[in-house]
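Dear colleague,

Please find below the structure that I am handing over to you. A summary of the findings follows it.

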Amino acid sequence: MTRPALGGVGLGSPVTPRRLTTVIQLEQVTKTYPKASRPSLDNVSVSIEKGEFVFFIGPSGSGKSTIIKMLLHEVAPNKGRVLVNSKDVTAMRSWKRPHFRRSIGCVFQDFRLLPNRTAYENVAFALEVIGKTKAVARRVVPEVLELVGLGGKEHRYPHELSGGEQQRVAVARAFVNRPLILLADEPTGNLDPDTSIEIMRLLDRINRTGTTVVMVTHDSNIVNQMRRRVVEIESGRIVRDQARGVYG
Amino acid sequence: MRLKYVLSEVLVGLWRNVTMTIAMIITLAVSLTMLGASGLMYRQVGDMKDLYYKNIEVSIFLDTQVSDQQRTDLDAKLKSDPLVREVTYVNKDEAYKRFQEMFQDAPDLLSAVKADSLPESFRLKLVNPEQYKNIYDQYKDTAGVDEIVDQSRLLDKIFNVLTAIQNIALAAAIVMAVAALLLVANTIQVAAYSKRREVAVMKLVGASNWFIQAPFVLEAVVAGLIGSLLGLVALIAAKYLLFDGSLKALQGLLSPVTWSDILFMFPLMAGVGGLISAATAWITLRFYLRV
């Protein structure tokens, strides 16, 4: 099945973690939403090691987004266990969820920025609401904005930024806490191909810092160029799990 | 830093929807005023009961043709009665003197009544004023007794009226409270809606639940406290205008409402106002934020 890597946009070879530690593990997870005729996830088992970059692909309604929601403790499985960082998320009490969320960064198709705050304030807000002081924000936020390539645009409002730049702010916000895991739910869904590739470069750079990146996408182009692990889901079942996959 | 954030969010929240905030505060204030009035009433009735029952008398009026023997017998019997604490004999002269004192403002009435026409009587103070019935049954057929009058009967009527007013105030307080709480719930819903983006981001990045909820709950608490302050002002105004004003004539009848009585009501009003607003806000948030 594996085809030779084409090199794509020159993202370099995937980082192979020296020491394998499982950060995400789904054990025979089944989830059926109320009123649904068939399960969204049907006996799915997958494990993801620290530092991996994993694509979840598949048609709409195949259950990929349900996995993201489970990892965020938004949706609980009917059967099976979800382990994040060796902690059983399914058994976690809901009051522990906020603290748990701090170890996971999240990026979405629709950016989810606060329109009345600048790029800097959007990122700083994420720090302040989890109890970090303004002094910490002043030190950390410019650094992370520089990292995502927004140096000099700190004081622009979202409407003054392009789609790609807005997504960079969202990535900065997700990453500012140095999470173990970065979840990206169709992060390039609203972006043109060139901008999408820039965002992918950014996610790749973040992955190289040791952050595990899990990305749900439809974008075959990107998957083919990145040549990373691909988990394909169809009708709630894993139909393919390939180390250096393409969209297929 | 976080406290500053929360407090500024509270002020912004109250100001953002200022007409609703005013409606909420006014209904809270009216409801809490009613609650305070009802509480004051309760204390007043209690005070008055203590005061009046202490001085209450049962009067046994004697026949005009009562014989000395009958009078002495009755006197002895009353003095040995365990239900009776104190017995005073009032003869005709003294009854007339009391009558003169009582109706000194009505000379027509005074001139119409002769000293001789007033009956002599025994004035009893009971160990327990509520045992009037026993006294009545025991003495009503005794020779020489004309009539037994219990003042507490009359007082009970007054107290019934006062208790009824108190209950009406309490009912009004509850009805207004329901309206106030619906307004609180609505205000919190609007606030939660207008801050839905911030809330979504806060949940996403893992802000603690109390941090997300605190500004909304405090918004309701501040409204409740402002409402109770306005209620206090209303009670003070009521004391000035009613008790010290138009109802002054009844001062002898009603026990006085003191400033400390009113101030004593404030913690009750503030506590109830703050707590039920907070609880309403919190419950509303459980539905609208699902944190």
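Rings of Phe, Tyr and Trp (its six-membered ring) count as a pair if their centres lie within 6.5 Å; planes under 30 degrees apart are called stacked, over 60 edge-to-face, and the rest tilted. Over all chains, the structure holds four aromatic pairs. One of them joins W210(B) and F211(B), whose ring centres are 5.7 Å apart with planes at 90°, so this pair is edge-to-face. F211(B) is buried (under 20% relative accessible area, with exposed meaning over 50% and partly exposed in between, for a 1.4 Å probe and protein chains only), at a relative accessible area of 1%.

Please note that this is a predicted model, in which local features need pLDDT of at least 70 and side-chain atom pairs count only at pLDDT 80 or more, while totals for chains, interfaces and linings use all residues. Residues are numbered from 1 along each chain as its sequence is written, chains are lettered from A and ligands numbered from 1 in the order in which they are written, and side-chain values use heavy atoms, with hydrogens and water left out.

S40(A) belongs to the loop between β1 (22-31) and β2 (41-49) of chain A; helices (H or I, at least four residues) and strands (E, at least two) are DSSP runs, numbered from the N terminus. S40(A) is buried, with a relative accessible area of 12%.

Helix α6 of chain A (residues 193-208) has 16 residues and spans 22 Å from first to last C-alpha, close to the expected 22 Å, which is 1.5 Å times one less than the number of residues. Its buried residues, among them I197(A), L203(A) and I206(A), pack against elements including β3 (53-57) and α5 (163-175) of chain A. After α6(A) comes G210(A), with a positive phi near 105°.

A170(A), in helix α5 of chain A, is buried at a relative accessible area of 1%. The contacts of A170(A) include C106(A) and F111(A).

Yours sincerely

Conventions. Contact = heavy atoms within 4.5 Å. Lists of a residue's contacts leave out its neighbours within four places in sequence.
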